[in-house]
Amino acid sequence: MSSTPPAPADVPVDGVLAPPEEQAPLEREDPLAPLTEYRLDPARPLRASGHLRRRQLVSRTMDALQSASALIAVSVLAFVVYSVVSHGASILSISFLTKGPPLIETEPGGGIAPMIVGTATLVAIAAAISAPIGILAALYMTEFAGRRSARLVRLALDLLYGVPTIVTGLFIFALLVAGKSQMGFAGAVGLAIIMLPLIARATQEALVLVPRDLRQAVEALGVGRWRAVRGVVLPSALGGILTATVLSIARAAGETAPLLFASSVFSNGVSMNIFGEATPNLTVYIYKASEGANRFGWARAWGAALALLGFILVVNIAIRAFDARRRARLLG
Amino acid sequence: MLERAVQQVPARRVAASRSGAFARSADRIGDAVLQALCVIAALLAILLLAAIVYEVVGSASSAIGRYGLGFLFHRAWKPNFEVFGAAVALFGTVVTSLAALLIAVPLGVAIALFLSTLAPGRVRSVIGPLVEMLAAIPSVILGFWGILVLAPLLPAHVEPFLHGVFGFLPIFGAPEQSGASVLNAVLILTIMVLPIIASISRDLFLTVPRELTDGARALGSTRWEVVRGVVLPSTASGIIAASFLGLGRALGEAIAVAQTIGAGKAISASFFATGNTAASLIAQQYFGATDRMQVSALFYLAVILLVIGLVANLAAQAIARRFDVHVALAR
């Protein structure tokens with residue numbers, strides 16, 4: 001077997017190989033003649049040149065742009081978090097977290113305790129409404145529904161997710177507030193509407209992940225479906241359901257738009273009368289401060305932002321760590 | 001069937017302990033109750049969507065009846081005179097959302113490429129969650145940051161530079177005094193949309209079969225040629241779907257835009273001027289809306305938002321389903 005060098009014209013020849021003018025012409029009179037004219041110059045340096053060099057340059061530029069984009073995103077996050085922490089830390093103290101704001105908004109001092117209590121109350125009510133409905137709807141999709149009805153419910157949930165939050169706010173206003181006074185409960189229902197698709201879809205994904213042989217083993221035992229759900233399906237999806245619920249709680253705590261028309265005209269004290277009056281809350285408090293031009297209000301709002309963002313970021317990080325461990329266990 | 005057969009055997013019936021029979025009937029009741037509860041919950045989700053549409057359209061009906069489609073093209077919004085037109089707000093909605101997408105899509109795709117193909121594992125596991133963290137920042141905090149931190153920076157540093165370099169474009173007009181501007185809102189919206197597009201695109205890129213990219217590399221492609229020739233074409237539909245999800249988010253964002261856009265009343269070509277969007281116009285009037293017609297006009301705006309929002313969402317899902325890509329809800 002005589003060694004035949006590779007056909008020169010088919011592969012892109014740049015750089016390492018001899019420059020084109022030195023190469024064999026494409027059409028040869030005798031196609032069977034050995035390609036002796038095609039030479040590899042061993043003395044040439046192994047550096048890309050010409051066309052290949054340009055291609056590599058383009059590729060490296062794109063790599064650099066991609067890294068720069070990631071850097072931009074991370075620095076924006078760092079900038080926002082830094083601003084909130086640096087402004088918020090100067091006002092944050094025990095008394096800031098345990099006192100109410102001053103009677104006159106333009107005065108310094110005071111705290112945000114009623115807003116913290118209010119946000120916690122609203123979110124707790126919203127979770128109590130949306131979690132059972134969301135989990136049951138997810139169970140319906142995975143355990144009871146046929147293909148078509150499951151798809152219909154999923155579509156409805158996805159569309160609910162797509163409803164702008166300000167529209168949810170107006171809906172709640174029309175449903176529960178218009179003609180009456182604002183009330184915290186209406187705001188909580190608004191938050192629940194936002195949480196519902198998040199919980200339902202994430203729970204559905206967790207339920208689908210329940211191992212098939214586990215389900216079949218339960219069915220083989222002949223127990224009722226609700227026993228199977230209660231004893232096997234829900235416990236093995238519990239991690240996923242908890243993750244979904246907690247994440248949606250963090251999301252709801254940061255929502256403003258659903259509360260704007262339902263729970264925004266509030267006094268400065270702690271209010272537990274959720275059916276009679278607006279419940280003070282952190283997000284609307286920050287929103288109002290940003291609409292005003294009062295530096296003491298801004299200072300308190302920075303403190304409120306730090307408290308809220310701290311809660312949300314801590315929850316997110318904790319859930320992420322928990323979720324990674326859970327997934328690792330689930331996948332063996 | 002089996003159950004009935006068992007019950008028909010007398011000996012078996014006698015042998016069945018009392019608690020066993022009780023457990024079986026409890027089973028049957030439990031099954032029925034659970035199924036009923038699940039059906040009710042699922043129906044509730046569907047009914048809720050229907051109720052939102054019904055209630056919002058119903059509350060808007062008097063404004064729809066009075067102003068008709070002219071509402072969309074009329075520019076003035078004067079509650080005291082019962083003159084309502086959404087043209088300024090709708091123009092602002094379209095401009096801010098598209099501009100935000102124009103920045104966020106290339107940036108998000110680039111971040112996704114970095115995370116899925118370029119970054120080593122350890123860097124990826126740090127940067128990825130950080131980018132997703134951006135989505136966790138509440139919009140009201142982002143808007144607050146936009147108006148108090150970003151707003152002073154823009155007229156002082158960014159606007160003169162953009163005007164100097166791209167001043168021939170009318171969108172980069174003369175720098176303004178106030179930092180509350182369309183540009184500010186666009187930047188805030190970009191920050192909100194970016195993590196959605198980045199995380200969905202990253203998940204898409206990770207689904208590109210290894211053989212394809214390896215094959216392209218083996219044929220001598222550079223890294224970018226693999227991206228351009230294999231990765232992007234095979235995921236393009238998913239990226240478009242993600243962009244539609246981002247668009248829906250940007251169109252409907254009320255709070256952060258209301259804080260940063262400056263509640264302008266006129267259509268201006270310059271990004272440095274104030275403006276308004278439909279969603280933020282609703283948010284700005286939360287306490288002043290006492291007049292019935294004004295409230296109805298706000299609901300008319302909400303109807304428009306609802307339609308655009310649902311269409312964007314449906315489009316994203318249709319694209320995703322058609323090309324069999326899974327577009328998860330961005331968390």
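This is a predicted model: local features need pLDDT of at least 70, side-chain atom pairs count only at pLDDT 80 or more; totals for chains, interfaces and linings use all residues.
Residues are numbered from 1 along each chain as its sequence is written, chains are lettered from A in the order in which they are written, and side-chain values use heavy atoms, with hydrogens and water left out.

So what does Glu143(A) do with its side chain? It meets the side chain of Arg215(A) in a salt bridge, 2.8 Å from N to O; the term covers a side-chain nitrogen of Lys or Arg within 4 Å of a carboxyl oxygen of Asp or Glu. Glu143(A) sits in helix 3 of chain A and Arg215(A) in helix 7 (residues 212–221) of chain A, so the bridge ties together parts that are 72 residues apart in sequence. Helices here are DSSP runs (H or I, at least four residues), numbered from the N terminus.

Over all chains, the structure holds nine salt bridges. One of them pairs Asp63(A) with Arg223(B), with the closest N and O atoms 2.9 Å apart. That pair crosses between chains, from helix 1 of chain A to helix 9 (residues 223–252) of chain B.

Now look at the whole interface between the chains. Here 81 residues of chain A are in contact with 82 residues of chain B, contact meaning heavy atoms within 4.5 Å. The rule finds three salt bridges across it. Helix 1 (residues 50–89) of chain A gives the most to the side of chain A that touches chain B, with 20 residues. The size of an interface is often given as the accessible area lost when the parts come together. For chains A and B, the buried area (accessible area lost with a 1.4 Å probe, summed over both) is about 7500 Å², 78% of it on carbon and sulfur atoms.

Next, the nonpolar side of things. A nonpolar core is a set of buried Ala, Val, Leu, Ile, Met, Phe, Trp, Tyr and Cys residues joined through side-chain atoms within 4.5 Å. The largest one has 177 residues, and Ile166(A) and Phe71(B) have the most contacts inside it. Helix 3 (residues 113–144) of chain A supplies the largest share of this core, 15 residues. Leaving out residues up to four places away in sequence, Ile166(A) touches residues of both chains, including Leu260(A), Phe261(A), Ile282(B) and Leu305(B). Apart from that core lies another, of 18 residues, among them Ile196(B), Ile200(B), Phe205(B) and Val227(B).

Finally, back to charges, this time in chain B. Glu132(B) and Arg202(B) form a salt bridge through their side chains, 2.7 Å from N to O. Glu132(B) is in helix 5 (residues 121–136) of chain B and Arg202(B) in helix 7 (residues 182–206) of chain B, 70 residues apart. Arg202(B) counts as buried, at 14% relative accessibility. Salt bridges that share partners join Arg320(A), Glu132(B), Arg202(B) and Asp203(B) into one network.

Conventions: Buried means under 20% relative accessible area, exposed over 50%, partly exposed in between (1.4 Å probe, protein chains only). Helices (H or I, at least four residues) and strands (E, at least two) are DSSP runs, numbered from the N terminus. Buried area is the accessible area (1.4 Å probe) that two parts lose on being put together, summed over both.
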